[in-house]
Amino acid sequence: MMKDSKPNVVFVLTDDQGYGDLGCTGNPWLQTPNIDTFFRDSVRLNNFHVGPTCAPTRSTLMTGHYANSTGVWHTVGGRSLLRKDEVTIATAFKKAGYKTGLFGKWHLGDNAPYRPQDRGFDRVITHGGGGIGQAPDFWGNDYFDDTYMDNGEYKKFDGYCTDVWFREGIKFINENKDRPFFCYIPTNAPHGPFNIMKDYREKYRGKLDLENSEDRERFYGMITHLDDQFKILRDTLKDLELEDNTILVFMTDNGTSCGANFDSNGKLVNGWNNGLRGVKNSEYDGGHRVPFFIRWPKGNLVGGRDVDRLTASIDFMPTLLDLCSIEHSLTFHGKSITPLLYERNSEFPQRAVVTDSQRVTNPIKWRKSAVMTDQWRLINGKELYDINKDRGQMNDLSHQFPEVVKELREEYEKWWNLVKPKFEEEISISIGNNTDRLRLSSHDWRGDGDHAVWNQSQIRAGRIANSYWEIDVVQEGNYEIELCRWPKEGSGKALTDGFDGDDIEWYREGINETEYHYYTGGKALNISEASISINEINKECKVSENDKSVKFNVYLNKGQTHLQTYFKTKEGDILGAYYTYVTLIK
């Protein structure tokens, strides 16, 4: 039993699960009985909005600020790193005496000063990048018996990824049951690849409304498995007598990635999206309107009540700090929605909220944007929808209500001026803050599109691409910069090595016949030369056939700079070193 009157917080955030990807939001196929039960017992935010993709949403949840202002307007390309001057919700709770833990997906930076343990979390178990199998992740991870970062050190964990996150989160809860805690469980499921135990996939095999439904069967299987873990979490809180004074939140990070398909006119072709238009990465509601359920019995947040007013992820941090009576001097772009939670609607102002999906090197005004009020949606500064009468956003009213378009465009201008001041500032990865070896990956190369090599599949294929890392040299001195095509952890291959295998193989292992995607093989590259460019220093050397890496020693002065690496093949192709290790030499 808790000795402290402060409420605990347990926050479950799932990945790429949209508004329609639950039984309680009307999905006719999906089995989520435990989250459905929680839905009936909780306060539901029915008009809650996030960013249309992963990292931007997470930046708003962690800071109460619009994503673009925090530097996070992409999921790769050096713009999924949360600016170091942002104060996170974990830091605020830690300062208030809470123990803080994160178990799952962070996606706001894998190197200092952006790691979760740098941003207020005491206990951290996480995969790399924006998903298991992406470039920053441990080589060869495939959702089963993987190696994750345990407070900055690699450690192998038994079991399926979702099981690990909930198991370790529950362990953290047990260890801190006699003190207030903030436990954040952001699962990578049901983000692709859609790897899941066979028995969960079998629940949906051949039962959906489309041909070639294998991916959706797996996607739904991942959600049903997650639902089972959510029950274990709730049972634990009850068994430990923590349920009454624990604020438990369930939400998702953006629209569905696999639960629905639309045609070019925005009409649903198959699947279920609860009447919303669009999916992940869309500026229409289906891309950013997500389920949000909150329950706190001691605080009288129970009973299956609905909040239909416009709310957003920028409201999350100020609301939790308010509910937990945590004093602070922080400012937010969002507002505490406590009045709405307690049915004091008249105390909450009418307002406009903006969300957008940039996913470009530098933000572009009006790009994939939605200006929202309780009644209206202005899409890309042009299309206007009355969301209360036109949930599917099919009837453009911009010509009928030009005064509303004008008003909402003015709201966008205010928002743009709020978020744009730091667009040109670099978001640099620190080197030299200790003597430990730092690993950089192509996931954080500056840029996107042709520059992007963000997952291990692209690395295996030897994608010809290159860009630079933004670097902050925090200590002057001699540095060793080591260039690799394959990661030193878990690979052991030479620069020129390839290895046999298919792009995708199917495996069935063990008693439960685990069935999943596993990326295999790797293309050999005839790398013959290597070079680096940093701080106006350029060095190059030849590459031998058996070299696993190439090392350069350079003396660097303090300050911000760019590091770019180059591999040249005998065929004349030039690509970057997908993995580069930087060490301050004592």
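**Helix packing and sheet order in the predicted model**

The contact, defined as heavy atoms within 4.5 Å, is made by T162, D163, F166, I170, I173 and N174 of α5 together with H225, L226, Q229, F230, I232, L233, T236 and L237 of α7. These residues divide into eight nonpolar, five polar and one charged, where Ala, Val, Leu, Ile, Met, Phe, Trp, Tyr, Cys and Pro count as nonpolar, Asp, Glu, Lys and Arg as charged, and the others, Gly among them, as polar. Helix α5 covers residues 161-175 and helix α7 residues 214-239, and the two pack at an angle of about 10 degrees with their axes 10 Å apart; axes are lines fitted to C-alpha atoms, for helices over the stretch in contact, and angles run from 0 to 180 degrees between N-to-C directions. Helices (H or I, at least four residues) and strands (E, at least two) are DSSP runs, numbered from the N terminus.

The structure is a predicted model, in which local features need pLDDT of at least 70 and side-chain atom pairs count only at pLDDT 80 or more, whereas totals for chains, interfaces and linings use all residues. Residues are numbered from 1 along each chain as its sequence is written, and side-chain values use heavy atoms, with hydrogens and water left out.

Helix α7 also packs with helix α1 (residues 33-41), the axes coming within 7 Å and crossing at roughly 55 degrees, and α1 and α7 are therefore oblique to each other. On the α1 side the contact is made by P33, N34, I35, T37, F38 and D41, and on the α7 side by L226, D227, D228, F230, K231 and R234. By class, this contact of α1 with α7 has five nonpolar, two polar and five charged residues.

Four strands form an open antiparallel sheet in the order β16-β17-β18-β19, where two strands pair if DSSP finds at least two bridges between them. The edge strands, each pairing on one side only, are β16 (353-356) and β19 (383-386), and the twist averages 20 degrees from one strand to the next. Helix α11 (residues 402-419) packs on this sheet and touches β16, β17, β18 and β19, its direction making about 70 degrees with that of β18.

A further open sheet of four strands has the order β21-β31-β23-β28, again with antiparallel pairing. Within that sheet, six bridges join β23 (residues 477-484) to β31 (residues 579-584), and I481 stands opposite V582 in β31.

Terms used. Angles under 35 degrees count as roughly parallel, over 145 as roughly antiparallel, 65 to 115 as roughly perpendicular and the rest as oblique.
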